[in-house]
Amino acid sequence: MTNRKQLTALRLLPWSSPDGNPCFLAPGDVGGVVSRFADETEARQLAEGLDVCRSARRVLDDLMTPHAEVRYTAIRLAECLADALRVAESRGRRLPAVSVAADDSPDGGASHEGGTPGSRS
């Protein structure tokens with residue numbers, strides 16, 4: 001159990017190593033230089049994603065947009081989506097674990113065993 005807890009305490013950084021492997025920051029000083037740089041990088045990535053999304057809407061709304069421009073837009077959207085998913089994963093790993101008692105769950109503790117969600121038994 002301790003091993004799992006230690007793994008989730010590592011911060012996934014918004015960049016990869018030169019070989020393409022994920023980079024992590026060990027827990028410690030939250031306001032440290034690397035932590036602040038990671039925060040700034042994530043903010044920049046998310047802002048860029050929003051800009052690309054706005055541009056993509058204009059490109060895709062124009063039926064006369066050349067194929068090459070649509071392809072470039074799709075490539076940029078995929079890059080920004082990958083960045084946003086990485087930010088979400090990193091932030092999700094750092095959320096405190098929440099345990100929900102059966103009575104406090106949204107479905108009132110009802111179980112979906114024996115069928116697919118939404119099916120009636």
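Tutor: Welcome! A word to begin with: a helix here is a DSSP run of H or I, at least four residues long, and helices are numbered from the N terminus. Keep in mind that this is a predicted model.

Student: Thanks! How far apart are R76 and E79 in helix 3?

Tutor: R76 and E79 are three residues apart in helix 3, so about one helical turn separates them. Their side chains form a salt bridge, and the closest N and O atoms are 2.5 Å apart.

Student: How do I read a salt bridge?

Tutor: Look for a side-chain nitrogen of Lys or Arg within 4 Å of a carboxyl oxygen of Asp or Glu. By this rule, the model has nine salt bridges.

Student: Which residue meets D39 in a salt bridge?

Tutor: D39 meets R11, at 2.7 Å from N to O. D39 belongs to helix 2 (residues 33-61) and R11 to strand 1 (residues 11-16), so this pair ties together parts that are 28 residues apart in sequence.

Student: Is R11 buried or exposed?

Tutor: Buried means under 20% relative accessible area. R11 has 5%, so R11 is buried.

Student: Where in the chain are R94 and E42, the pair that links distant parts?

Tutor: R94 sits in the segment after helix 3 (67-93), while E42 is in helix 2, 52 residues apart from R94. Their salt bridge has its closest N and O atoms 3.9 Å apart. With a relative accessible area of 1%, E42 is buried, whereas R94 is partly exposed at 37%.

Student: And how do R76 and E79 come out on that scale?

Tutor: R76 counts as buried at 17% relative accessibility, and E79 counts as partly exposed at 38%. On another part of the picture, salt bridges that share partners join R11, D39, E42, R91 and R94 into one network.

Student: Now for pockets. What does rolling a probe over the atoms show?

Tutor: A probe the size of a water molecule, rolled over the atoms, shows where empty space is left. In this model, the second largest pocket has a volume of about 170 Å³.

Student: Which residues lie nearest the centre of the second largest pocket?

Tutor: They are R11, L25, V30, S35 and R94, out of a lining of eleven residues.

How values were computed: Residues numbered from 1 in each chain as written. Predicted model: local features only at pLDDT ≥ 70, side-chain atom pairs only at ≥ 80, totals over all residues. Heavy atoms only, no water. 1 Å grid on protein atoms, 1.4 Å probe; cavity = no way out; pocket = protein on both sides within 12 Å on 5 of 7 lines; lining within 4 Å. Points joined across faces, edges and corners; volume = space filled by probe spheres on them. Helix = DSSP H or I, 4+ residues; strand = E, 2+ residues; numbered from the N terminus. Buried < 20%, exposed > 50% of the residue type's maximum accessible area, 1.4 Å probe, protein only.
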